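Visitor: Please take one part of this model and go through it closely. I would like to know what surrounds it and where it belongs.

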Amino acid sequence: MVTTVDIKAVVRTGRSTYNFGAGPAMLPESVVLELQQELPNHHGSGISILEMNHRSADFQRIINQAEQDLRELMLIPDDYAVLFLHGGATLQFAMAPLNLLGSRSSANYANTGYWSARAMREAERFCTAQVAVDAYESGYTEIPPEEQWHVDKAGAYLHYTVNETIGGVEFHWLPDTKGMPLVADMTSMILSRPVDVTRHALIYAATQKNLGIAGLTLVIVRRDMLQEVPASTPTMLDYHEHIRARSIFNTPPVFAWYVAAKMLGWIKAQGGVAAMAARNQRKADILYELLDSSGLYRNHVERNCRSWMNVPFQLVDQRLEQSFLQKATDTGFAGLSGHRSVGGFRASLYNAMPEAGVCALADFMREFERACA
Ligand code: PMP
């Protein structure tokens, strides 16, 4: 059992584990408790949010507040539309080119990891995806400096994945596109630190990491980007239609939207994105310092692009992997296995992971290393 867990919270919710999973990911204890308390009877309405009509006044209040909070937290200007859609970030891999290509037949992609490559492969169905920069040869452990990028001016936009959830590689700088529209997959870092929205034409993020549970995807799009959407675009894939319908073109994932609204309120109560960033940096530093000073654990990512959100690591002696995982699980740490495509381990440190959780994990890892010596 993890000793640093807040005992009162454990008693109330029965939770005794720190979840380091990459997504669906940990929610704040207080949010889970609120969901639990409100579930049977939503604010005296006599029904549960699970049963609530998506066009009811009660639900409208929730989604209006969610949009207002998001705009406030991310400083989103009025010339950007905010959408709450279905289909995960994966659907945005297709919706971005479908809506933004216009008359152009190519787009630029920065290939910095598994998810960039997935986005690029999907775009290939609709256009030529030009590889602006390719970190594949390095094993996706670095982001080459911008001087080495080749952005084709004929492309409709430049796409980048701000945080590679599997590789643990994160941009700590913004590509300077010299006027070319910039498209960002922010799925695994949204609201973890301040981002200049105005430097982007389109931002998308699934919500199951920093913003609640799976089922909802956030889209922030500059309205002037949508002038040339082909008439043949299916309605459900057309940002225009979703803007017109205020994200209720069909039945939305009501519960996921409600949880996202709760998460936005929670982030505000924590002091907003700047406060989250300060905390997230401290959490990441704790783990990287441990990895760098260890003889047993290794992280292969270049220091200048190490992720604050996902920290992958390997054990130098692979024979110890099973025992490490078993002991970690027994101690109260869940979700530490690396992605199935790369193996090893990964600690995800999203907004909801408290510093105490990271300290407890670091203590455990030090103790495991001492015991193995
Ligand atoms: N992009 C990134 C950076 C991700 O981490 C993920 C999911 N882990 C996706 C896209 C795909 O998201 P979804 O499963 O919601 O389609």
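Guide: In this predicted model, Met365 touches Leu287, Leu290, Leu291, Tyr297, Phe313 and Phe324, leaving aside residues up to four places away in sequence; touching, or contact, means heavy atoms within 4.5 Å. Residues are numbered from 1 along each chain as its sequence is written, and side-chain values use heavy atoms, without hydrogens and water. Because the model is predicted, local features need pLDDT of at least 70 and side-chain atom pairs count only at pLDDT 80 or more, while totals for chains, interfaces and linings use all residues.

Met365 and Leu191 touch the most other members of the largest nonpolar core, which has 91 residues. A nonpolar core is a set of buried Ala, Val, Leu, Ile, Met, Phe, Trp, Tyr and Cys residues joined through side-chain atoms within 4.5 Å; buried means under 20% relative accessible area, with a 1.4 Å probe and protein chains only. Helix H7 (residues 254–269) supplies the largest share of this core, 11 residues; a helix here is a DSSP run of H or I, at least four residues, numbered from the N terminus. At least three residues of the core come from each of domain 1 (33–269) and domain 2 (272–372), with bounds from an automatic or database domain assignment. Another core, of 31 residues, lies apart from it and includes Met120 and Val229.

As for the two domains, 26 residues of domain 1 are in contact with 26 residues of domain 2. The centres of domain 1 and domain 2, taken over C-alpha atoms, are 27 Å apart.

Conventions: Buried means under 20% relative accessible area, exposed over 50%, partly exposed in between (1.4 Å probe, protein chains only). Helices (H or I, at least four residues) and strands (E, at least two) are DSSP runs, numbered from the N terminus.
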